[in-house]
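I would like to walk through one protein chain with you, starting with how far the model can be read and then turning to a few local features.

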Amino acid sequence: MISVFDMFKIGIGPSSSHTVGPMKAGKIFMQHVAELGLLDSTDELRAELFGSLGQTGKGHGTGKAVILGLMGEDPETVDTENIERILDAVSKQETLILADGKRVKFTREDGILYHRRKSLPAHANAMTLYAYGAGECLCQRTYYSVGGGFILDEDEINQRNASPAAPIEAAPYDFNSAAQMLELCASHGFSISSLMMANELSIATEEDVKQRLWHIWQTMKTCIERGYHKEGILPGGLKLRRRAPALYRRLKAEGRNNVDPLTAMDWVDLFALSVNEQNAAGDRVVTAPTNGAAGIIPAVLCYYDTFVQEVDIDVCARYLLTAAAIGILYKKNASISGAEVGCQGEVGVACSMAAGALTEIMGGTVEHVENAAEIGMEHNLGLTCDPVGGLVQVPCIERNAMGAIKAINASRMALRGDGNHKVSLDKVIKTMMDTGKDMRSKYKETAKGGLAVNIVEC
């Protein structure tokens, strides 16, 4: 079963597939080495990055993430204020200090190899990690970062590709399509959020689920608020100036005297920009469902909190559970990886999730929710992933603001209807996956097409 806490994970920027996933892979690899009894014999570690990880990994900080993972750090708990100091020490000493205090060699020359023109067939985001002892390879393992911080090893990716729809462990109310989800809701009297909660109760108590979801919302809010006050230039070669602080000051100064009926849109833009500027700077964010699209779901809930009514623990739970249910459909039947299907799989999916979730807490029926989610994706079909300089900055930061506005409008359109519509959510999910397969690789997070080649980096 895919849990709500698989869809929403606390981590660090700038990318769930290029930063969060590789850090987790590094940690998992060292656990694997230890389980094989090879840790004492290991005196050197190396890594190779393939496909999108090799092509845009430097801009996304993939190498840094692998290093931190090998050292035992976790995306949810790593001290973001201390990362640069740790990495500087690794570079100067060409040594990694593992979780148990053991020191191993990790050279600037051989530590990480970025393959810019070589991919592995199973997935666009691949990495192979090696443990050496006395000059010989003791152990190697290939991992795939399949989007949203999800990691599969070589056995798991082969199993997934052989039978992608086969559930590993079924939920009590398992659904593999929107049609099944709606049928379960109708037959059991569930809303989509209560259907998800019923599944979560098979692994945790209701109180635990709600408290953990509340913690996720508080992390999202903290990220937004931190972004209001962080001035300066974002890291990387683009020299992109942060926009959120100036926009925040202007909106605060205008206050209640502003008679512009569209001011709420400016605040939604601010919420999303703030999150994604923090993400680009490598700060703590919530993967929702990816880091590149991390601003949309919190921005839409912050819109509700600011302009509709204050979000309490129950509204928070209903919103995030509904969003997760929609995200699970994309995860099972398509992809949430920009390297696999383009940005329609990241910003498009987040827009769809947020649109459906907002519709539920605004009082919509399950049919309204499904309609809103469909609208959210339908108008993101074909969205390419073309980060300039391989950085999650242009067009990614603004794209989150646009995605949040689209999600709110999709919800309003659905709520003004009766739930009946021509295109089903299942059909639009299939169309998104088909479009992603047809999309040329240069538009899938390789920085070889679109804005990435038409904009001067510096």
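Residues are numbered from 1 along each chain as its sequence is written, and side-chain values use heavy atoms, with hydrogens and water left out.

On confidence, the protein chain averages a pLDDT of 95, and 98% of the residues score at least 70; pLDDT is the predictor's confidence in each residue, from 0 to 100. Residues 164–168, however, have a pLDDT below 50, and beyond near neighbours in sequence this stretch has two contacts in the model, a contact being heavy atoms within 4.5 Å. Where pLDDT is low, the predicted coordinates should not be read in detail.

Let me turn to helices, which like strands are DSSP runs numbered from the N terminus (helices H or I, at least four residues; strands E, at least two). How do the axes of α16 and α17 cross? Helix α16 (residues 366–378) and helix α17 (residues 396–415) have axes that come within 8 Å and cross at roughly 140 degrees, the axes being lines fitted to C-alpha atoms over the stretch in contact, with angles from 0 to 180 degrees between N-to-C directions. That makes α16 oblique to α17, since angles under 35 degrees count as roughly parallel, over 145 as roughly antiparallel, 65 to 115 as roughly perpendicular and the rest as oblique. On the α16 side, His 368, Asn 371, Ala 372, Ile 375 and Gly 376 meet Ala 410, Ser 411, Met 413, Ala 414 and Leu 415 of α17.

Between these two helices, in the loop, sits Pro 395, and the peptide bond joining Val 394 to Pro 395 is cis, with omega about 5 degrees. Another cis peptide bond runs from Gly 13 to Pro 14, with omega near 10 degrees, and Pro 14 is found in the loop between β1 (9–12) and α2. Lys 239, in the loop between α9 (206–229) and α10 (244–254), has a positive phi near 55 degrees. For context, most residues other than glycine have a negative phi, and most peptide bonds are trans.

Key. This is a predicted model: local features need pLDDT of at least 70, side-chain atom pairs count only at pLDDT 80 or more; totals for chains, interfaces and linings use all residues.
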